[in-house]
Amino acid sequence: MAEAALDRESGGGAVRVMDGVIATPELATPPAFPPARTFSIGSVVRTLLADVRRDWQLYVLLAPMIIWFAVFLYAPMYGLQIAFKQYSLFRGIEGSPWVGFDNFVALFSNEYFLRAVKNTLLISFYSLVFAFPVPIILALMFNEIHHQGFRRIAQTITYLPHFISLVIIAGLVVNFLSPTTGIVNIMLDWLGFEKIYFLTIPEYFRPIFIGSNIWKEAGFDSIVYLAAIAGINPALYESARMDGASRLQMMRYITLPSLVPVIMIMLIIRVGQLIEVNFEYIILLYQPATFETADVISTFIYRAGIQNNQYALGTAADLFNAVVALILVVSANWLSRRYSQNSVW
Amino acid sequence: MATRALTSDSSSEPFNLYTRGDKIFGVVNTALLLLFVLSTLYPFVYILSASLSSGFAVTSGQVTLWPVDITFAAYEYVLADQKFWIAYGNTLFYAFFGTLTSLLIMVPGAFALSRARLRGRRLIGFMVAFTMWFHAGLIPFFLNIRDLGLLDARMGIVLAFACNAFNVILLRNYFEAVPTSFEEAARIDGASDFQLLWKIFIPLAKPAIMTVGLLCLVSRWNGYFWAMVLLRSEEKVPLQVYLKRTIVDMRSDDSFASALMSTEYSFETITAAIMVVSILPIVVIFPYVQKYFNKGITLGGIKE
């Protein structure tokens, strides 16, 4: 949705080319005397040169950005080939010998990688089940607050954690769950329970990760739904009120159904990101004791590639990750198009 | 009547329209939301209180909501730490020059991309958007930075994270939405593309540029991962890396904690003070950021 306007390409330079020269061979009935090849290439070059001469200032403005994308985002894509090489730092990308799919064979016979794939999907799945509905519920609840002052303050406060850095959030989690001085354990102690060192116990990792994510993002994520609620026609509520509907019934039969299109789009976006979990946050929270449930694909790559210099193995995992992510995004967009005649991008 | 009840605030609502069930619903709803808001707020209040309490009060679990034995010892300790100031200064440096670089590259680029007569605009637009759906990943990105000689370089941090597709598209959409009459009028007056951007489009697109600027600023302020990976020298690391080392990694390192033992401050109060000091700037600019972020979301097209 954020990218919806990408489809808005209209008119413009590219279309001009299509009209004039390139589109011609694609006509259903080719002309009896097709224009000579040299003529069409020549004219393309000529118009291109004329355009560049006319719009040179635009190209000057564009150049730094194009160079940036080429150097920082497209050059690494070229580097992805080391997934198929026996990479050595001294030989470089070109000099390293090809090894076919050896790195992938090593990857998929690595039990830690398979565990990371499993953990990634599980964390994504549990987030979808437990975290996804929270902003929707929150938006519905905010909508039922009629005191504007309280509502504004409440909303602003719930947005705040979104802007706090992950390091601070992780610091808060570590602090609150500390086995000796953490407030959670102090409370447990008061209530007569044993103190628990939560961050070292694998079973607690996912709830801690997902729970603190809800705390951080649910408020901010509710904005999208609140914007959709603001667009609902008030006449619907008026006539429901006339028919004697209660507030709960109006929420259930008017507000919630009106949100379904937005919920579907957000759901599709989330499905498109199933393989991507917030690994920067995981790196802050996990430790060897919890790798069993906490280690995901990206953290596996980080340890293999950056901490242990297994560049080729890490890149193979990167390529796997990127391809799966691309497939997911494309299918999510296809779904969205089918469902709402509305492309996600 | 009914219209007023639903569109105006509670003060003017006629009570007879609400049944008993409705009122109970309203109270329960408000109470639950209040609970959520308080649980959002509580960690901040606790950290602030802990930072102002004595080390003994915190380690012995006396602090739950309000400060106990109020002291500024933890702040004095933190503010006297040279490493903290170096990291803070580095963050200011990266935030300022990083945001500036981002805008200097993306604003002109997005403007050029928004012009219909630009040849190849469709292809370039696709190449930009494609990076949202496909990225090479950690290792190729890291090796690329290394090959560029930008490891452990301030320049690397400033440059390597200057652009992203989302912001470029946000800016481009905003520029595209400017009515063509502005451009035509400027053309008649003989304006060049440079003048068009500088004199007309940048002033018109101020809300979008502010939004993107703040997005960059906040992500610069909060980012830690790549700074941690790419920077080796102590004197170059930003605040978040310093924070990670002190408040996250130190949890199992008791030598640091015990070395700090004092009745006035403890490891806990010091980390709390560090957190307060580093959250503070975000809380101060938060009202502005929030306003523009909300705007940014609608600008970006998330609008139903």
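Residues are numbered from 1 along each chain as its sequence is written, and chains are lettered from A and ligands numbered from 1 in the order in which they are written. Because the model is predicted, local features need pLDDT of at least 70 and side-chain atom pairs count only at pLDDT 80 or more, while totals for chains, interfaces and linings use all residues.

The model scores ipTM 0.84 and pTM 0.82. For chain B the mean pLDDT is 83, with 86% of residues at 70 or more; pLDDT is the predictor's confidence in each residue, from 0 to 100. Two stretches of chain B stay under 50: residues 1–15, with 22 contacts beyond four places in sequence, and residues 300–304, with 18 such contacts. A contact here is a pair of residues whose C-beta atoms, placed from the backbone, lie within 7 Å. Where pLDDT is low, the predicted coordinates should not be read in detail.

Chain A has 17 helices and 0 strands. Helices (H or I, at least four residues) and strands (E, at least two) are DSSP runs, numbered from the N terminus. Of the 345 residues in chain A, 35% are buried, where buried means 20 or more other C-beta atoms within 10 Å of the residue's own, exposed means 12 or fewer, and partly exposed lies in between, with C-beta atoms placed from the backbone. Among contacts in chain A with a separation of 6 or more, 66% join residues 24 or more positions apart.

Between the chains, 92 residues of chain A are in contact with 101 residues of chain B. On the chain A side, helix H3 (residues 56–79) gives the largest share, 15 residues. That side divides into 59 nonpolar, 22 polar and 11 charged residues. Ala, Val, Leu, Ile, Met, Phe, Trp, Tyr, Cys and Pro count as nonpolar, Asp, Glu, Lys and Arg as charged, and the others, Gly among them, as polar. Tyr78(A) is found in helix H3 of chain A and is partly exposed, because 13 other C-beta atoms lie within 10 Å.

Within chain A, helix H11 (residues 202–230) packs on helix H13 (residues 247–272) at an angle of about 135°, with axes 9 Å apart. Axes are lines fitted to C-alpha atoms, for helices over the stretch in contact, and angles run from 0 to 180 degrees between N-to-C directions. H11(A) and H13(A) are therefore oblique to each other: angles under 35 degrees count as roughly parallel, over 145 as roughly antiparallel, 65 to 115 as roughly perpendicular and the rest as oblique. From H11(A), Val224(A), Tyr225(A), Ala228(A) and Ile229(A) meet residues of H13(A) including Ser258(A) and Leu259(A). This contact has 7 nonpolar, 2 polar and no charged residues.

In chain B, the axes of helix H5 (residues 82–114) and helix H9 (residues 165–176) come within 8 Å and cross at roughly 50°, which makes H5(B) oblique to H9(B). Residues of H5(B), among them Met106(B) and Phe111(B), meet residues of H9(B), including Leu171(B) and Arg172(B). By class, the contact has 8 nonpolar, 3 polar and 2 charged residues.

Elsewhere in chain B, Ser60(B) is in the loop between helix H3 (55–59) and helix H4 (73–79). Ser60(B) counts as partly exposed because it has 13 C-beta neighbours inside 10 Å.
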